[in-house]
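Thank you for making time this morning.

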Amino acid sequence: MSFKRIKGQDKAIEILKEDLRQSRLGQGYLFAGPQGIGKKLVAKTLAKALNCQNETLDSCDSCASCLKIEKEQHPDVYIINASAPLDAGYEEAKSEGGPSTAIKIGHIRRLQKEISLRPYEARVKVFIIEDAHNLTAAASNALLKILEEPPANSLIILVSAKPALLFKTIISRCRVIKFYPLERKALQEILEKDYALEDNPAHFLAYFCEGRLGQALALKDTDIFSRKNSFIDTVTLPGRVDLESLSIKNRQEARDYLNILAGWFRDIYLVKTGASHLELVNLDKKSELLKLMPCFSFMDLDEIFSGIRDALVYLEQNINIRLLLSNLREEINYRLTLGQSRAA
Ligand SMILES: [Zn+2]
């Protein structure tokens, strides 16, 4: 995708285009900002713009170079992440421990080898390091040495949603470009106008994804909108649907469910404070929210939020998700029943 077609990152793109105009590129970049808002997309577009055969400050998306970069098959553009190949001859890499998400010294040794060679066909060799906060200490030190004296005709772009975890020395060697989510209203408009979503699902996705366009696009063709409503019924209306009937394929889906639940109780909280209904994640279920509002005190809601927070933490420790949800439902039902008898 060309710079002019990327939505919501005008500020970051303007800085990069100015750098391109002034031929100021050369050192490393750090693209920092939340997951799912287009950092990698912009990094790939920068690689295209640097090597495009038709455009000077952008990607044409049709020349051989742009097409190869798009498919991540360009011999001079490297995407480095935990699953990228290691330098074959580097024994230390094999013995280096760390989690499966770690970017190891073997990855950086390979980068080091490739960056010292002339480009095969590109004007500028580009190395995009995804989730750069996953660099091990040894890999970080090796990368630092490369960033101190970057070879000509090469560019290293670090992409990270958790830049605070990077070595400060690495950050100080990079030009930091900050990426921000869209205003939720603006994201809703994009989803309606450019992707023909109806207003209820568009509103839900814009608010649920907190303005992150990439995440909203990844979810828009799934059944998340109908799933979230049946899930809310399952957990918040006692006896309505059996928890066993929920299909939960993986941890990400479980995380989605917990976030849906957090959004639901956040909405009840907002309704209680008298906030504008347009701020509700579940605007489509406004009448149910208004009905439930008197049943939960602020203290109840605080307890439920901490239950959801705990469940998110337990989830990372591989605890049985059905058990977690079932405990949460017990907690919610207990508070709901108390609230209903209070309200009666
Ligand atoms: Zn091109």
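Let me begin with helix α9, which is followed by E210, a residue whose phi is positive, near 50°. When I say helix or strand, I mean DSSP runs, H or I over at least four residues for helices and E over at least two for strands, numbered from the N terminus. Before going further, please keep in mind that this is a predicted model, in which local features need pLDDT of at least 70 and side-chain atom pairs count only at pLDDT 80 or more, while totals for chains, interfaces and linings use all residues. Residues are numbered from 1 along each chain as its sequence is written.

Staying with α9, which spans residues 199-208, we find it mostly covered, with 8 of its 10 residues buried. Buried here means that 20 or more other C-beta atoms lie within 10 Å of the residue's own, exposed means 12 or fewer, and partly exposed is in between, with C-beta atoms placed from the backbone. The buried residues of α9 are P201, A202, H203, F204, L205, A206, Y207 and F208, and they pack against α8 (184-193), α10 (213-220), α11 (224-236) and α12. For contacts like these, two residues count if their C-beta atoms, again placed from the backbone, lie within 7 Å.

Stepping back to the whole chain, there are 15 helices and 5 strands, and the C-alpha atoms fill a box of roughly 75 × 45 × 35 Å, taken along the principal axes. Of the 344 residues, 34% are buried, and among contacts with a separation of 6 or more, 68% join residues 24 or more positions apart. The domain assignment gives domain 1 (3-178) and domain 2 (223-343), the bounds coming from an automatic or database domain assignment, and the centres of domain 1 and domain 2, taken over C-alpha atoms, are separated by 40 Å.

Now to the strands: in what order do the 5 strands of the open sheet lie? The order is β2-β3-β4-β1-β5, and the pairing is parallel, where two strands pair if DSSP finds at least two bridges between them. At the edges are β2 (77-80) and β5 (174-178), each of which pairs on one side only. The twist averages 20° from one strand to the next.

Looking at individual pairs, β1 (residues 28-32) and β4 (residues 154-160) pair in the parallel sense over 4 bridges, and L30 stands opposite L158 in β4. β3 and β4 also pair in the parallel sense, over 5 bridges, with I157 in β4 as the bridge partner of I128. Strand β4 is largely enclosed by the rest of the structure, because 7 of its 7 residues are buried. Both of its faces are covered, with S154, I156, L158 and S160 buried on one side and L155, I157 and V159 buried on the other. In a regular strand the side chains alternate between the two faces of the sheet.

Helix α5 (residues 105-115) lies across β2, β3 (125-129) and β4, running at about 170° to β2; axes here are lines fitted to C-alpha atoms, for helices over the stretch in contact, and angles run from 0 to 180 degrees between N-to-C directions.

Not counting residues up to four places away in sequence, I13 touches F3, I6 and V42.

Finally, consider helix α14 (residues 298-316), whose 19 residues should span 27 Å at 1.5 Å a residue, and whose end C-alpha atoms are 28 Å apart, which agrees; the expected span is 1.5 Å times one less than the number of residues. Which residues of α14 are buried? They are I304, G307, I308 and A311, and they cover an arc of only 95° around the axis, which puts them on the same side of α14, the arc being that of the directions from the helix axis to the C-beta atoms. What covers these buried residues includes α12 (251-273) and α15 (321-343). On the other side of α14, F298, M299, S306, R309, V313 and E316 are exposed. After α14 comes N318, whose phi is positive, near 65°.
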